[in-house]
Amino acid sequence: MKTYLSWSGGKDSSASIALCYENNIPLDGVIFSEVMFDHERNISGENPKHIAFIHAVIPTLERMGYNVFILRANSDYLQEFNRIIRNSRIATRNGKKVGFLLGGMCKANSKLKIAPIKHFLREIGECQQIIGIAADEPQRLARLKPNQRSVLAEYGINEADTYEICRRYGLLSPIYENESRGGCWFCPNSSIKDFARLAKSHPEIWAELEKLSHDTEIISQGFKYGRTFQSVNREVQVLNNQISFFEEEIHNA
């Protein structure tokens, strides 16, 4: 049976690759599913530092003997944002755009990241999938399907152990230097500090979200769990010293 490892580029899946290498566990391929913000302009939805790391480290994986497959959904974030609602039970929503993808039910994960992996594996046929779940994540391990396995759990590797394993092989993403989480740069689960770092280092993609926030045809202005982009952006500006805390206090008064 063929075996493929699902690689997010995060510490757990990267450490899983290292364990397979150390223990001669055969892999028929490593699959990375890249969420795209805009296919037409080739703007990735992945954290900019992280996607640069992914492309830089692929030669390392190839030297280890692994074929790396980069998957992309046909759709992208902008297409999902602009998708017209047709059959909502809430009549006032019909004819409007979906708008910002919601945290907790984000189609960027289910439709843009997970769906391409499922399609790839269906095309392969019967196969085994290695997923990066650490030994100290019992709830996630309990959800593994019969054709899925965790080499981290099999070798008793906890989450805290994965950092050093990745460092040994040059597989530790730079997102762990100062980010609280990986994932897409537009994700509502990102902290305000994460957004502030993004806005400061990549103002051009932060401006993409600001542009979308002015669309009057979306069903809701909720960007981060009900908060508008403008509200989040003001906090971002405070953290980046673009406006003072005093100005923010006056605005909220």
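Helices (H or I, at least four residues) and strands (E, at least two) are DSSP runs, numbered from the N terminus. The model is predicted: local features need pLDDT of at least 70, side-chain atom pairs count only at pLDDT 80 or more, and totals for chains, interfaces and linings use all residues. Residues are numbered from 1 along each chain as its sequence is written, and side-chain values use heavy atoms, leaving out hydrogens and water.

Most residues other than glycine have a negative phi. Asn42 has a positive phi of about 55°. Asn42 sits in the loop between strand E3 (36-38) and strand E4 (43-44). Its relative accessibility is 51%, so Asn42 counts as exposed (over 50%; buried is under 20%, partly exposed in between; 1.4 Å probe, protein chains only). Asn24 also has a positive phi of about 55°. Asn24 lies in the loop between helix H1 (11-22) and strand E2 (29-33). Asn24 is exposed, because its relative accessibility is 69%.

In soluble globular proteins, nonpolar side chains tend to be buried together. A nonpolar core is a set of buried Ala, Val, Leu, Ile, Met, Phe, Trp, Tyr and Cys residues joined through side-chain atoms within 4.5 Å. The largest such core has 29 residues. Phe186 and Trp206 have the most contacts inside it. Several helices each supply at least two residues of this core, among them H3 (77-81), H4 (107-124) and H9 (203-213). Helix H8 gives the most, with five residues. Phe186 touches (heavy atoms within 4.5 Å) residues including Val35, Tyr77, Phe195 and Leu209. A second, separate core has 28 residues, including Ile17, Leu61, Ile165 and Cys166.

Terms used. Lists of a residue's contacts leave out its neighbours within four places in sequence.
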